[in-house]
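Please open the structure in your viewer and keep the selection tool at hand.

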Amino acid sequence: MDNLETMNSTIHPACLQEPPLAIDVIKELDVFGICLYSMLTFMSCISLLLYLDTSVFIYRKVSYPKKTTIIWINGAAPCIAVMSCFGMWIPRAVMFTDMTSNCYFAVVVYKVLELMVEELGGSSSFLKRFSGQPFKISTGPCCCCCVCLPRVPMSRRMLFWMKLGALQYAILKTVLSVLSIILWTNGNFDLSDLEITGTAIWINPFIGVLTITSLWPVGILFMNTNSLLRHLRMVPKYAMYQLVLVLSQLQTSIINILALDGTIACSPPFSSQARGSMLSQQMMIMEMFIITLVNRWLYRRTYDSVCPEEQDNTHNGGVALKAASEEHDV
């Protein structure tokens, strides 16, 4: 008992409290903190402005429905950056900002699959081109090691299940996020509660399974069609999408685990968990700002969804027509 009292007396009271209010964060900022917070806020605003500029350009230059899909995908990094900025300034709102970002990205997962289908001409053209062709399904994150899996012929039913596999994450993630917030307001949802009776220990692993299930069909489609989409910069676009996934999901989870373990030390007025969350928000803003710049270079352009061989046929046909016309004139 004496040892317990001695240990508790050495812990700063702020390390055992809830995240501080926004006004408390502002009062504790020194010159370096003011510069850091100002710079990160500026990065978030620039990310949002670049996204709006790119969205206006895409809306004017790209045809429907591809433009709505591109605008959704292009908004992942700015959305996470802005939400992280709110979470940095208002630590008690982190749960709301994180779940907003995660729900948005859950829709982006489906939109990436939809974009690849649209770049190949839409569902009808996609099925006309690939129907009956064997698709390799031993891809990540589910079955990258199962090289013995047979190839599955593409069909309308398979395309439907692939779309459904990606769409279920967008729907169920949003439903579970709303449920988590409701339980949190009632004191039943706590990320630090790892007991078997806690709700977080059940909801979060289930969301992880939904995430893996949704990423699998996207990976299948990309691995089997990326060679046809290289002229549309689909490989770097997919890489940016994967990078947002790793940084927003895996990186945040690792930092939260380190904070719960006590590896990230308490720094009044921030507890270990609140400080870990603050560091995660700050890193996310810088990372999403860089990804926004790269996405602007990738998406702010006009192009057609015609495959290279079709372009060659069109070009050859045009040359032949021009030659025939010149011969006729002569």
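Predicted model: local features only at pLDDT ≥ 70, side-chain atom pairs only at ≥ 80, totals over all residues.

Two packed helices are described by the angle between their axes and the distance between the axes. Select residues 200-225, which form helix α9, and residues 234-261, which form helix α10. Their axes lie 12 Å apart, at an angle of about 160 degrees. Because angles over 145 degrees count as roughly antiparallel, α9 is described as roughly antiparallel to α10. The two helices cross in a left-handed manner.

**The contact.** Next, display the side chains where the helices meet. From α9, select Leu 215, Val 218, Gly 219 and Phe 222; in α10, their counterparts are Met 234, Val 235, Tyr 238, Tyr 241 and Leu 245. Of the residues in this contact, eight are nonpolar, one is polar and none is charged.

**The loop.** Move to Arg 233, in the loop between α9 and α10. Arg 233 is not a glycine, yet its phi is positive, at about 60 degrees. Is Arg 233 buried or partly exposed? With a relative accessible area of 25%, Arg 233 is partly exposed.

**A buried serine.** Select Ser 272, which belongs to helix α11 (residues 272-299). Its relative accessible area is 17%, so Ser 272 is buried. Beyond its neighbours within four places in sequence, Ser 272 contacts Ala 259, Ile 264, Ala 265 and Cys 266.

**A cis peptide bond.** Finally, select Tyr 64 and Pro 65: the peptide bond from Tyr 64 to Pro 65 is cis, and its omega is near 5 degrees. Pro 65 is situated in the loop between α3 (31-61) and α4 (66-74).

Conventions:
Residues numbered from 1 in each chain as written. Heavy atoms only, no water. Axes fitted to C-alpha atoms, helices over the stretch in contact; angles between N-to-C directions. Helix = DSSP H or I, 4+ residues; strand = E, 2+ residues; numbered from the N terminus. Parallel < 35°, antiparallel > 145°, perpendicular 65-115°, else oblique. Left-handed = near helix turned anticlockwise from the far one by under 90°. Contact = heavy atoms within 4.5 Å. Nonpolar A, V, L, I, M, F, W, Y, C, P; charged D, E, K, R; others polar. Buried < 20%, exposed > 50% of the residue type's maximum accessible area, 1.4 Å probe, protein only.
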